[in-house]
Structure formats: structure tokens, C-alpha cells
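Dear colleague,

Please find the structure below, with the sequence alongside. My notes on its charged side chains follow.

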Amino acid sequence: QVRLEESGGGSVQAGGSLTLTCTASGSRYCMGWFRQAPGKEREGVATIDSDGTMTYSDSVKGRFTIYRRNAKKTIDLQMSSLKPEDTGMYYCAADEGFCSVHKSLSSVDDWGQGTQVAVSS
């Protein structure tokens with residue numbers, strides 16, 4: 001099992017920016033971010049595999065960018081033009097299999113504890 005440590009959440013006004021960072025204790029083919037808004041199911045936000053292939057949810061395309069660095073054990077999610085609907089708990093995920101925001105949640109190998117993002121209007 002790989003341990004995932006997240007940082008960077010916080011509160012921001014609509015239109016603002018935040019960067020989330022996740023560092024893994026070991027290597028994984030796929031790393032990414034999922035989020036869960038109050039009363040809603042967890043959903044994929046962005047993923048990146050070890051070859052640098054990225055996927056994004058339609059709701060964040062053009063506003064969020066995912067990067068991978070530090071011997072591919074760290075990912076950053078740069079979030080800009082934030083909207084109130086981006087509010088939620090953001091979870092880092094890591095996996096050896098299929099790498100996509102549409103990945104089944106039950107198939108994810110490792111989850112972080114989550115970091116809260118709050119966007120006010």
C-alpha cells in the first residue's frame with residue numbers, strides 16, 4: 001500500500017486560484033484527484049499516468065491543470081477560475097490500473113485523507 005499525503009486546500013473567493021499537492025510514499029502508475037461535494041457522490045477531477053497522459057472531467061477542463069514531478073511521486077493540481085460548485089473534499093488517489101477520471105472508485109488502490117476546498121461567491 002502507498003501512503004498519500006495531501007496539502008494545499010483552503011478557502012478562496014470565486015475566480016480565485018489554489019494549488020493542491022499530493023506526495024506518495026511509493027511509485028504508482030496512475031495518480032489523480034477526486035472530489036466529493038456535500039450530498040454528492042465522489043467524482044474524478046483529473047488524473048495523470050507515469051507517461052504524462054492526463055484526463056480531466058468536463059467541468060474542470062480549461063481551468064485545472066495536473067502536473068507530476070519528484071520522480072513521479074508528487075502531483076500538483078493547479079486550480080484557477082474557481083467556482084462555488086468546485087467546493088468539496090478533494091482526495092488524492094493512486095493506482096496501478098486504468099488511469100482516468102471515469103475510473104471506478106472501488107478499483108482505486110490507495111486514497112489520501114482528503115483536503116477541503118471552499119469557494120465562496
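In this predicted model, the side chains of Arg-63 and Asp-86 meet in a salt bridge, at 2.8 Å from N to O. A salt bridge here is a side-chain nitrogen of Lys or Arg within 4 Å of a carboxyl oxygen of Asp or Glu. Arg-63 lies in the loop between strand E6 (54-56) and strand E7 (64-69), and Asp-86 in the loop between strand E8 (74-79) and E9, 23 residues apart. Helices (H or I, at least four residues) and strands (E, at least two) are DSSP runs, numbered from the N terminus.

Arg-63 is buried, with a relative accessible area of 11%, and Asp-86 is also buried, at 0%. Buried means under 20% relative accessible area, exposed over 50%, and partly exposed in between (1.4 Å probe, protein chains only). Salt bridges with shared partners join Arg-35, Glu-43, Arg-63 and Asp-86 into one network.

Arg-28 forms a salt bridge with Asp-110, with the closest N and O atoms 2.6 Å apart. Arg-28 belongs to the loop between E3 and E4 and Asp-110 to strand E10, so the pair ties together parts that are 82 residues apart in sequence. Asp-110 is buried at 2%, and Arg-28 is buried at 17%.

In total, the structure holds eight salt bridges.

Residues are numbered from 1 along each chain as its sequence is written. Local features need pLDDT of at least 70 and side-chain atom pairs count only at pLDDT 80 or more, while totals for chains, interfaces and linings use all residues; side-chain values use heavy atoms, with hydrogens and water left out.

Yours sincerely
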